[in-house]
Every structure is written in structure tokens, then in C-alpha cells.
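Definitions are given where each term is first needed.

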Amino acid sequence: MPGSSRTPYLWDNRKLTAVLRLDALSQMYDAFSQQRLVDVGIPADGQCLEICAGDRDMAGWLAEQAGPDGHALAIDIDPQHITPHPRLTILTHHLLTDALPDGPFDVIHARDVVQHMPDPQQFVNELIATLAPGGILALEDVVPDWANAVLDSPDPRARDIFESFGFAWANVLRRTGDHGSWIGRTHQAMMRHGLAEVTTVGHEQSSPGGTATCLLVDATASEHRDRLFDAGMRGPDLDLLTVLARDPRLVLLSPRLLSTVGRKPA
């Protein structure tokens, strides 16, 4: 979901860094997200909705899991990177100005979306209203902890630089109106709205430079260099951050993904 004057969301799928970022997120989280949905069960003829589906393969995977009588809809403000699938409809959609697509949906999945909405609770309420009876809602929040991300590094300055990066990136997000305080509240929101079988599971993994989490750092530092600089990072530290992110001797722990899944009563 790219940034614009009408949304606080920072990422822009038109940027050259978009493919790097999307590949990184896929490596970091797709297998875990998919297993979560497999564990709760995707109906063989299900109608599925993937929200802000810039992540290129999740929507097509949902369409495949729904089987020959099912269908998936992927929405994103700039869907150019979504991989086509015969049972997938791709729709250009702006969450802040367009109504949610008509349901009901048997499965709704959104990753790193809710905290970027002006009113996260209202958005969750609207998603639940769009679920079919017995439908599954899977909402995933990314919990950044860059100060503790460095597991190994060829440079002793790495931990201090990543701590500075985390501080600056948090400032960038706050300036956009991001609701970082929402993280961790999704479980409670689902329970209070009457969803059943609500569970939250966390996921994090290590990755060497040039892969997964390190690619995300590279894309972030490249696309948002000016914002990070304005938020307190020094230019030389940004340069070293990018060099380290591409060095296979660096090992980072990914930001934790909190995956909360609930089912609407039949």
C-alpha cells in the first residue's frame, strides 16, 4: 500500500525498492502466515479476502487453498506486484476512501495493516461485520525491536547503529500518526467483539545479510533515507547500515509477528 497525501502509510509500491521489500516480507512471514491459516482450516469453497496484498504471493496462495469452487479477492492501493491466479480477482482499492468490498467472506487476512488505520478498533469492527458466519479473521501485527535484532556482526558498531535505526524509524512512524500502541490489542478486540477460538501466536527468525530481514532493512534505509536522517540518524550510520544489511556475516532476528486468528460464531 503506497504512501500518498491521503494516508499515513509510508511504503510506495511504485518505488524501485518495492520488489526488494516485498520479497523480504515474503521470506520473513509468508510460510508462518500460511501455516496459521491451514491450522484453522480454509473452506474448500471459501471466499477469501487479502487486504493490502502488496505481498506478492499470499493472495494467490489463498485462492489455491480455496479450491476450484472457491475464490480470493486481493485489494491494494497499488496492486502491480500481486501474482495473478485463475481464481484471484485483483482490485485497486484505497482503505481510507473506499468501502470494504461486499462480503461475506469465509477468510480475511491482513498483515501489518490495522495499526496504520486512523481508527484501528473501528476497522476491526468493519472487518468482523464483513465475515460470513463461521468465517476466519487473521490479523497480524509486526512488533519492531531493532535494538535487540543483531545476533552476530562483523562490525562491533552494529548493535548501536541498529538501536539508532529503531529509534529513528519509530519517530518516522509516529510522525505519520501510526498507532503503534495498538500492537498487542488485536486479541482483546476480537474477544470483546464475540469471536470464538481466538488465539495469538508469535513468530520470529534469524536471517543472514542479503536475505529476509536484512533485505527489509536495506529497502527501508534506501527508500526512507531522508526521513531517517530527519528523525535522528547520522548519514555515515545509514551508509554502514546498508553495507551491513548486504553482508552475509551479519545475522538479524526478524521483528516479531503477532498473528491473531478468530472465528465468527455460526
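## Ile-90 and its surroundings

Leaving aside residues up to four places away in sequence, Ile-90 touches Ala-74, Pro-79, Ile-82 and Pro-84, where contact means heavy atoms within 4.5 Å. Ile-90 belongs to strand β3; helices (H or I, at least four residues) and strands (E, at least two) are DSSP runs, numbered from the N terminus. With a relative accessibility of 33%, Ile-90 counts as partly exposed, a class that lies between buried (under 20% relative accessible area) and exposed (over 50%), computed with a 1.4 Å probe on protein chains only. Between Ile-90 and Ser-259 there are 24 Å in space, C-alpha to C-alpha, and the two are 169 residues apart in sequence.

## Basis of the values

The model is predicted, so local features need pLDDT of at least 70 and side-chain atom pairs count only at pLDDT 80 or more, whereas totals for chains, interfaces and linings use all residues. Residues are numbered from 1 along each chain as its sequence is written, and side-chain values use heavy atoms, with hydrogens and water left out.

Helix α6 has twelve residues and reaches 17 Å from its first C-alpha to its last, close to the 16 Å expected at 1.5 Å a residue; the expected span is 1.5 Å times one less than the number of residues. Eleven of these twelve residues are buried, so α6 is largely enclosed by the rest of the structure. The buried residues of α6 are Ala-212, Thr-213, Cys-214, Leu-215, Leu-216, Val-217, Asp-218, Ala-219, Thr-220, Ala-221 and Glu-223, and what covers them includes α1, α4, β8 (206–208), α7, α8 and β9.

Two packed helices are described by the angle between their axes and the distance between the axes. For helix α1 (residues 18–40) and α6, the angle is about 150 degrees and the axes are 8 Å apart, the axes being lines fitted to C-alpha atoms, for helices over the stretch in contact, with angles running from 0 to 180 degrees between N-to-C directions. That makes α1 roughly antiparallel to α6, since angles over 145 degrees count as roughly antiparallel, under 35 as roughly parallel, 65 to 115 as roughly perpendicular and the rest as oblique. The crossing of α1 and α6 is left-handed, meaning that the near helix is turned anticlockwise from the far one by less than a right angle. From α1, the residues Leu-20, Arg-21, Ala-24, Leu-25, Gln-27 and Met-28 meet Ala-212, Thr-213, Leu-215, Leu-216, Asp-218, Ala-219 and Glu-223 of α6. By class, this contact of α1 with α6 has eight nonpolar, two polar and three charged residues, where Ala, Val, Leu, Ile, Met, Phe, Trp, Tyr, Cys and Pro count as nonpolar, Asp, Glu, Lys and Arg as charged, and the others, Gly among them, as polar.

## Helix α4 and its packing against α8

Helix α4 has 18 residues and spans 26 Å from its first C-alpha to its last, close to the 26 Å expected at 1.5 Å a residue. Its buried residues include Ile-161, Phe-162, Phe-165 and Trp-169, and the buried residues of α4 pack against β6 (150–152), α6 (212–223), α7 (225–230), α8 and β9 (251–253).

Helix α4 (residues 158–175) and helix α8 (residues 235–245) pack at an angle of about 110 degrees, their axes being 10 Å apart. That makes α4 roughly perpendicular to α8, and the crossing of α4 and α8 is left-handed. Ala-158, Ile-161, Phe-162 and Phe-165 of α4 make the contact with Asp-237, Leu-240, Leu-241 and Leu-244 of α8, a set with seven nonpolar, no polar and one charged residues.

## Backbone features and a loop residue

Most residues other than glycine have a negative phi, and most peptide bonds are trans. A cis peptide bond, with omega about 0 degrees, joins Gly-103 and Pro-104, and Pro-104 lies in the loop between β3 (88–92) and β4 (105–111). Cys-52 has a positive phi, near 50 degrees; Cys-52 lies in the loop between β1 (47–51) and α2 (58–65) and is buried, with a relative accessible area of 15%. Ala-212, in helix α6, has a positive phi of about 40 degrees although it is not a glycine, and Ala-212 is buried at a relative accessible area of 4%.

Asp-247 is found in the loop between α8 and β9 and counts as buried at 15% relative accessibility. Not counting residues up to four places away in sequence, Asp-247 touches Pro-154 and Gly-209.
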